Amino acid sequence: MAQRVLICDDAIFMRTMIADILTGAGYEVVGEAESGLQAVERYKSLLPDIVTMDIVMPDMGGIDAVKAIIATHPDAKILMCSAMGQQALVVEAIQAGARDFVVKPFQPARVLEAVQRVLAG
Amino acid sequence: MTDARRARYVALFAAESRTLLAGARRALAAWTDAPGDRAPADELFRTLHTIKGMAASLEYHAVAELAHATETDLVAVRDGGEPVARRWLLQLEAAFDQIALACEASATGDGVSAEGEQANAPATRAARVVRVDLERLDALFDDLGGLVTARQELERHAERDTLSPVARAAQGMARRLDTLQDRILHVRLAPLAEVFERVPPIVRDLARQLGKEVTVQVHGDDLEVDRAVLDQLAEPLIHLLRNAVDHGLESPEVRRGLGKRPAGAIQLRARRERDSVVLELSDDGRGIDRNAVAARAVAQGILDADATLNDDGLLALLARPGFSTATAVTDVSGRGVGLDVVVSRLHELGASLALTTVPGRGTTFGIRLPTRLGIVRALVASIGEERYVMPLTHVAEFLPWEPDAVRQVDGRAVIDLRGESIPVLDLRRLLLYRGEAPPTRRPALVFEANGQRVALLADAIHGQVDAVVQPLDRPRGTPRWITGATVLDNGRPALLLDLASVV
């Protein structure tokens, strides 16, 4: 069965791009969230195999969303999506329990590699 | 990246950056009002950050760098602990304007297959885009209204001698004014994409909340409509979408049982039909239960028990205030389907709604939008000394009227028009006119809408005008067929009557 993905990003553009990359490689996008709060809610209801998480989002940022998800689901597999120059935040996210990160602008091969790595780990 | 895929991303970028930048303008205003507030700063930061990410993905380096530099500047001031200076806010606003122009230019200049030209295109295009406040445009539009009225007066005088130099000059001016009118109206147009872009995520989100599966398709979002119409279209449209997902689509299990694909299909299409744009919103769900609606209407005493209900009749019932067929109350649609709200919103816009529903196959709502809000070709009719203006859209013909042509059938006045009896309405009664008695010979206007015809009696018809419609403050109880006001060429005001909704 296809691995199930939850995509969290406040931009439709980014969600579409990630969804295209992942569905093209046979993953199933089971849900999307456009804020940190939604990401936490959707995670609990969908229990996806992997989450892609933007850092800058309204309501609740991606790092707080990682903390909230890990607090109840310590095994959650979360891949951070960061922009250039957000290294400090990426470190914080990894410390909060995220497994790996990719940097925007996305390169499909990099995204797929990272997703496979996180799912394997 | 394939060309088709890139084109899709470019369209998404154009729409999303536009929406974000519109939000940023509001946030800038809010920050200027309350410089100590952090929320606007955070929203502006997110906007810049998102635009930077999108632009970098499309290799719009100029946009990405501009957004990045502004973001860095913003963070320094936001986290600097110093009070925000008004002058700096003005600079920030200018930076956002720059970004907006650069975004438009990049997206417009992105000739997917001609990427080589991209580098030169943005700079030249950016210089040619101007952002205009809608209020200024409205002022321009008001001036145009004055000109159209003056032109009609001039034409009236010129008619006395059509070969005079004044008449020729008047004709020349009229032609140029037509062009000017077209151009000004064109400036007010905005693509449907601004609203349509929001539809798929909203529908998918609703479907998830309701445990339904759905695929969404959107077509024709490159058509343009008046900005004022577009701004008010989202709400009724989203209302109809909610209904489609909530009441229209069956659950995946039920659909499987019926041999349908588990995911319901929702389509939103736009196409041009003569002067208007028609939107069609359809679902492939269960269709509206005609018998349930009829039973409810009969129980409420608003429908005869033996009446047959066609789609128009069905819509008329569903649009009655408070009338609802939802058997269960759900979180999404609240109580009932609330079609009355949708219909009255659309009427305020000068739009109309039509319904087609087939049991087990689904429901389609058609929304006819006016593309040219503001100036309508209309007939001037009068009752006593009072003049009224009626859009020509639904006027089929007009007849000289003989009082003895009217017959009474089942207590209603009808006239015979080429073998068909059509009901007669008297404008005097409609408007509760209590002045002097009507003239003996009166003209009748035949209105046609939704396949029905009605003859309307006036005291006199005074010809056609281009009526510049002004919105009307509507005191409570104003009939909904009084849709606006205009100023006639004699300088006197007249109400605009849209009698299609009476038909």
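The legends below describe close-up views of a predicted two-chain model.

Residues are numbered from 1 along each chain as its sequence is written, and chains are lettered from A and ligands numbered from 1 in the order in which they are written. Because this is a predicted model, local features need pLDDT of at least 70 and side-chain atom pairs count only at pLDDT 80 or more, while totals for chains, interfaces and linings use all residues.

**View 1. Elements of chain A.** Chain A contains five helices and five strands (DSSP runs numbered from the N terminus: helices are H or I with at least four residues, strands are E with at least two). From the N terminus on, their order is β-α-β-α-β-α-β-α-β-α. Of the 121 residues of this chain, 49% count as buried. A residue is buried if 20 or more other C-beta atoms lie within 10 Å of its own, exposed if 12 or fewer, and partly exposed in between, with C-beta atoms placed from the backbone. Among contacts in chain A with a separation of 6 or more, 61% are between residues 24 or more positions apart; two residues are in contact if their C-beta atoms, placed from the backbone, lie within 7 Å.

**View 2. The cis peptide bond in chain A.** Lys104(A) and Pro105(A) are joined by a cis peptide bond, with omega about -5°. Pro105(A) sits in the loop between β5 (100-103) and α5 (108-120) of chain A.

**View 3. The largest nonpolar core.** This core has 116 residues, of which Met53(A), Leu79(A), Met80(A) and Val63(B) touch the most other members. A nonpolar core is a set of buried Ala, Val, Leu, Ile, Met, Phe, Trp, Tyr and Cys residues joined through C-beta atoms within 7 Å. Helix α1 (residues 3-33) of chain B gives the most to the core, with 10 residues. Another core, of 27 residues, lies apart from it and includes Val380(B), Ala381(B), Met390(B) and Leu496(B).

**View 4. Surroundings of Leu79(A).** When neighbours within four places in sequence are left aside, the contacts of Leu79(A) include Ile50(A), Val51(A), Thr52(A) and Met53(A).

**View 5. Contact between chains A and B.** Chain A contributes 15 residues and chain B 15 residues. On the side of chain A that touches chain B, helix α1 (residues 12-24) of chain A gives the most, with six residues. The residues on this side divide into 10 nonpolar, two polar and three charged (Ala, Val, Leu, Ile, Met, Phe, Trp, Tyr, Cys and Pro count as nonpolar, Asp, Glu, Lys and Arg as charged, and the others, Gly among them, as polar). For the complex, the predictor gives an ipTM of 0.89 and a pTM of 0.44.

**View 6. Packing of two helices in chain B.** Chain B has 15 helices and 18 strands. Of these, α1(B) packs with helix α4 (residues 86-109) of chain B at an angle of about 170°, their axes 10 Å apart. α1(B) is therefore roughly antiparallel to α4(B). Axes are lines fitted to C-alpha atoms, for helices over the stretch in contact, and angles run from 0 to 180 degrees between N-to-C directions; angles under 35 degrees count as roughly parallel, over 145 as roughly antiparallel, 65 to 115 as roughly perpendicular and the rest as oblique. The residues that meet include Phe13(B), Leu21(B) and Trp31(B) in α1(B), and Leu92(B), Phe96(B) and Cys103(B) in α4(B). The contact divides into 13 nonpolar, two polar and one charged residues.

**View 7. Loop residues of chain B.** Glu59(B), in the loop between α2 (39-57) and α3 (61-78) of chain B, has a positive phi near 60°. With 13 other C-beta atoms within 10 Å, Glu59(B) is partly exposed. Asp410(B), in the loop between β11 (407-409) and β12 (412-417) of chain B, has a positive phi near 50°. Asp410(B) is exposed, having 5 other C-beta atoms within 10 Å.

**View 8. Confidence in chain B.** The mean pLDDT of chain B is 81, and 89% of its residues reach 70 or more; pLDDT is the predictor's confidence in each residue, from 0 to 100. Among the elements of this chain, helix α5 (residues 121-126) has the lowest mean pLDDT (37) and helix α11 (residues 252-257) the highest (93). Over residues 112-128 of chain B the pLDDT is below 50, and this stretch has 20 contacts in the model beyond near neighbours in sequence. Where pLDDT is low, the predicted coordinates should not be read in detail.
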